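Subject: Structure for your review

Dear colleague,

Please find the structure below, followed by a short account of what was found in it.

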Amino acid sequence: MPLDLVVNVTIAGVLTGMVYGLMALGLSVIFGVVRVVNFAHGEMMTIAMYAAVSLFAAFQLDPFLAAIPVAAGFFVLGYLLQAGLINPFITRPEHSQFMLMVAVAIIMVNGMLIAFGPDARNVQIAYQLESWEIGKILLDKPRVYAALMAAATSAALFLFFKLSLTGKAIRACADNHLGALVVGLNVKHLYALTFGLGAACVAVAGCMMILFLDVTPSLGPSYTLLAFIIVIVGGLGSLTGALLGGVLIGLSEALAGLFIQPSAKSMFCYGLLILVLLFRPQGLLGKKS
Amino acid sequence: MNRRDFNKAAAAVAAATALSPLNRAFAQAQKLKVGVLLPRSGFQGLIGQSCQKGADLAPGVIKQMLGVDIELMSADTETNVDTARTRAERLIQEGANVLVGPFDSGAALAIAQVAEQRGVPFVVNIAAAPQLTEQGYKYVFRNFPTAIDLTVNGLALIGDLFRATNVAPRTAVFMHVNDTFGQAMQKGIGATLPRLTQLPFKIVDTIAYDPAAKDLTVEVSKAKAANADFLLLVCRLNDAIILRREMVKQRWFPMGVVSPGSPGMYEEQFSKALGPIANYCISNAPWYNPKTNMTKVVKAAFDKANPREKFVFHGTNVVYTYESILIAADAFKRAKSTDPKALTEAIRQTNITDRTVLGGPLKFNAKGQVEGNLSACTQNLNGEPRVVLPESAAEAKPVFPVPDYKKA
């Protein structure tokens, strides 16, 4: 097998994995703090993709630029969703949370079907089919840009949690809910902020995904499942783990497709999931409970 | 009233009562309920909707031609085999006299089982898996070439293409969707190609891929690495779009992209989504005959119902779906009954010569399969598929190798 083929596929896998990681990061942030599993995660990403398509169609806005208003909008929506709908379910049994978010996901899918129809949509930007050629290595421009944006967004999120007072307060809520209440933190507001941040992450991921994927209303559920796999592999609640999990999944799909069989490549991320659950159930970078 | 008058009156009432079931039956038999199963959502949604246009125009055209009343009962299979089975059951429960559809081979196999169990005739509009008419089903009929027929016709047209353009590629890389249809085509090509010694090329690699895949980077990388002269492709619509984009991104410019018999590249959405890079892709596919009266009638009805659509992008889907309903209506007219056995027997005796489809008369063999439906070689030129072969039906000359061909 030619070495340049292996290198090209590996690079593509890593770049795609970084965007997957950003998508899963939102899920990890939400679960790590709010302890709610967002089963509508993939659907939220799909809505963000449609938002990017709509902004491109109306204003010829590049998805990179569209990510800013879309993320801001999703932050607000995520905040309102948590504060208005999800908050009462935090203390309820997990199956209630599950049913709530699945219902939200179904409503989202059908809403998109009504609004946009079943046809695949995409953006047609000037550099969409371009690539850089370095000898026999080809770097797909949209994927490189998307990966850089994913890295920048993740770095911004890390810095927010590490350095800002609000970020520290959110971490305090995640570490010790009772302690946070005792010291007077507005936990409900912080939970809503966290959900907003998670939603903003998935919005950026969606704006990046539209650069190399066509969007249909039925896209969401497969990406919800993928986000879960990534988060479980990386470690539930671990931000670094989500990114690492994304890259691992992107890479494993690419290399499995190359060395074994392309039509069975998605099988390998499930295989990786089983291995992690068997031998390291807390995930690669997760903490043991 | 005397006894004679009373007896006369009673006889008249009795006669009226005795005749009324016949009247009811005749009234009931005036209309044929056709259950139309198509994937109007899911990843085959666009093609399913295209087929639906053929179904929707059928009642009006058939009423004019045959004087038969058709009531359509449409159901969405959602590109899902289980859903197809469930919807077929429901249509039968709701009174469908005949089922038509469903575009997809996997769904067709599921619906065939239902039709056979329930004893309701099922006319397949588009589905190529050979096993559909090889399992001894009594109620299943197909007016579409099998994967073997598609393969033989499609490969023969490839030979004609090379002769017409005076080009002799030596190698091909074969990519195909990994579903019932794609695997049937792969087996057909594997069995047929070695026997077609007049074809100058051999397949150097075969790559199967998931038709629902959102990313085909790995698959295209592998195909490019095979260094073949041209790409032989069995695809569907969305995957064809993703694949063609990926070919350009990876700067893979073979002599051409040729489909021996699959949907996708001749569809409108393919040209719309890809713009100029959709040009020169070749599909050897079952096609309509633009010169027959029936095609002109169907085209006129299509244009009237869909003023913003172009018939050329929907032709195959529309005519095959229309003909499947025509088969049912023609049988109903001859059987004068909606009784399933009578209808099925009438379908078996079908002989329609004025057709929309390129090929011979519409007659079923003992297995319920129409033989003699032909393929045309169409090439996307200026954003529309044009027939380039056979010469008798050609609208343009074929272009091969394509202008941006770069030898590996």
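Axes are lines fitted to C-alpha atoms, for helices over the stretch in contact, and angles run from 0 to 180 degrees between N-to-C directions. Helices (H or I, at least four residues) and strands (E, at least two) are DSSP runs, numbered from the N terminus. This is a predicted model, in which local features need pLDDT of at least 70, side-chain atom pairs count only at pLDDT 80 or more, and totals for chains, interfaces and linings use all residues. Residues are numbered from 1 along each chain as its sequence is written, while chains are lettered from A and ligands numbered from 1 in the order in which they are written.

In chain A, helices α1 (residues 3-34) and α5 (residues 141-163) pack with their axes 9 Å apart, at an angle of about 35 degrees. Their crossing is left-handed (the near helix is turned anticlockwise from the far one by less than a right angle).

In chain B, helix α3 (residues 81-93) has 13 residues. Its buried residues (20 or more other C-beta atoms, placed from the backbone, within 10 Å of their own) are A84(B), R87(B), A88(B), L91(B) and I92(B). These lie on the same side of α3(B) because they cover an arc of only 135 degrees around the axis, taken from the directions from the helix axis to the C-beta atoms. On the other side, D82(B) and Q93(B) are exposed (12 or fewer such atoms). Just after α3(B), G95(B) takes a positive phi of about 110 degrees.

Note on methods
The expected span of a helix is 1.5 Å times one less than its number of residues.
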